[in-house]
Amino acid sequence: MAEPARAPVADAVLRLDGAGVGYRRRAVLTDVDLTLAPGRIVALVGANGAGKSTLIKAVVGLADILAGTITVAGRPARQARGTAAYVPQVDTLDADFPVTAADVVLMGRYRPGRWLRQIRATDRAIATDALARVGLADRARTSFGQLSGGQRQRVLLARAIAAQARLMLMDEPFNGLDATSQDVIVAQLRDLAAAGTAVLLSTHDLRLARDLADTACLVHGGRAVTGPTEQILAELPGTYGYGSQAADLHAARPGR
Ligand SMILES: Nc1ncnc2c1ncn2[C@@H]1O[C@H](COP(=O)(O)OP(=O)(O)OP(=O)(O)O)[C@@H](O)[C@H]1O
């Protein structure tokens, strides 16, 4: 499948060149090429265990880069801390975290080597605004653990928004969400992209992948193939564990 024209190196917010990613010496994906330009949204799709999370984690140092290169804003990913904001799968977090929603969002303002006491009024204002953007201004003082799963996901998105990063990485942000939380997240991702943020998100929701992203990266069999979302999704039925969902999607496509 032909890959869309790649953004020039200087313009790319995220670029993988022949990247191998995995854990210790075990490669999960090999030879991945991917370029993400400012203001673009790319959807990572693929079956359970295919390696979507691993690819995202490799960018933020939670999985290993075993071959090739990964650069963020032109710098090796390992030296680009602060340039990328990462939203993990919400069910991987300890919900008993003894902190408020506002505290979690404020964490987005921390930088390596910067002490807590250096958090300034402007940081608090940015965090307050981010919480309002995800519709949770009235939950600022609520303990993170007392929020619903969807609200927790929105708080984590607010933390990433507060970081004002050029690259947003989201691992299955729509998993098990109510319609309100899903709508809030979709709207915020669109706003971020419109403001120039590059977004890479993994999802099992093919309809949202198609609606949000004009480019998709299919992860399968240890490799990744990137192309126009319509084209990638057209090749999915039955093959990659998406059977009926992909078939429904094609049936529901306007004008077909
Ligand atoms: N910390 C880890 N150490 C070793 N292997 C891991 C680790 N995390 C994941 N793996 C393995 O890496 C492979 C890819 O997993 P990954 O979580 O990236 O898939 P995924 O596409 O995100 O799946 P899902 O859709 O279920 O979230 C799997 O075989 C998994 O068992």
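## Basis of the model

Residue numbers start from 1 along each chain, following the sequence as written. The model is predicted: local features need pLDDT of at least 70, side-chain atom pairs count only at pLDDT 80 or more, and totals for chains, interfaces and linings use all residues.

## Overall make-up

The protein has eight helices and 10 strands. Both are DSSP runs, numbered from the N terminus: helices are H or I with at least four residues, strands are E with at least two. Of the 256 residues, 42% count as buried. A buried residue has 20 or more other C-beta atoms within 10 Å of its own; 12 or fewer makes a residue exposed, and anything in between makes it partly exposed, with C-beta atoms placed from the backbone.

Among contacts with a separation of 6 or more, 70% join residues 24 or more positions apart. Two residues are in contact if their C-beta atoms, placed from the backbone, lie within 7 Å.

## The ligand site

Around the ligand stand Tyr-23, Val-28, Gly-46, Asn-48, Gly-49, Ala-50, Gly-51, Lys-52, Ser-53 and Thr-54. By class, the shell has three nonpolar, six polar and one charged residues. Ala, Val, Leu, Ile, Met, Phe, Trp, Tyr, Cys and Pro count as nonpolar, Asp, Glu, Lys and Arg as charged, and the others, Gly among them, as polar.

Helix α1 (residues 52-59) gives the most to this shell, with three residues. Seven of the eight residues of α1 are buried. They are Lys-52, Ser-53, Leu-55, Ile-56, Lys-57, Ala-58 and Val-59. Gly-61 follows α1 and has a positive phi, near 85°.

## Two domains

The domain assignment gives domain 1 (11-83 + 166-237) and domain 2 (95-164). Such bounds come from an automatic or database assignment. The domain centres, taken over C-alpha atoms, are 23 Å apart.

Where they meet, 11 residues of domain 1 are in contact with 13 residues of domain 2. On the domain 1 side, the largest share comes from helix α5 (residues 179-194), with four residues. That side has five nonpolar, four polar and two charged residues.

## The nonpolar core

The largest nonpolar core has 78 residues. A nonpolar core is a set of buried Ala, Val, Leu, Ile, Met, Phe, Trp, Tyr and Cys residues joined through C-beta atoms within 7 Å. Val-105, Ala-158, Leu-169 and Ala-216 have the most contacts inside this core. Helix α4 (residues 149-162) supplies its largest share, seven residues.

Take Ala-158. Beyond its neighbours within four places in sequence, Ala-158 is in contact with Val-105, Ala-130, Leu-131, Arg-133, Val-134 and Leu-136.

## An enclosed strand

Strand β8 (residues 198-202) has five of its five residues buried, so the rest of the structure largely encloses it. Both faces of β8 are covered. Ala-198, Leu-200 and Ser-202 are buried on one side, Val-199 and Leu-201 on the other.

Strand β3 (residues 41-45) pairs with β8 in the parallel sense, over four bridges. Ile-41 has Val-199 of β8 as its bridge partner. Strand β7 (residues 167-171) also pairs with β8 in the parallel sense, over five bridges. Here Met-170 stands opposite Leu-201. Pairing requires at least two bridges found by DSSP between two strands.

## The antiparallel sheet

Four strands form an open, antiparallel sheet in the order β2-β1-β4-β5. Its edge strands are β2 (26-36) and β5 (75-76), each pairing on one side only. Strand β4 (residues 64-72) joins β5 through two bridges. Val-72 has Arg-75 of β5 as its bridge partner.

## Ala-163 in its loop

Ala-163 sits in the loop between α4 and β7. Ala-163 counts as buried because it has 23 C-beta neighbours inside 10 Å. Leaving aside its neighbours within four places in sequence, Ala-163 is in contact with Ala-85 and Gly-108. From C-alpha to C-alpha, Ala-163 and Asn-48 are 29 Å apart in space, and they lie 115 residues apart in sequence.

Note on methods
Near = placed C-beta within 6 Å.
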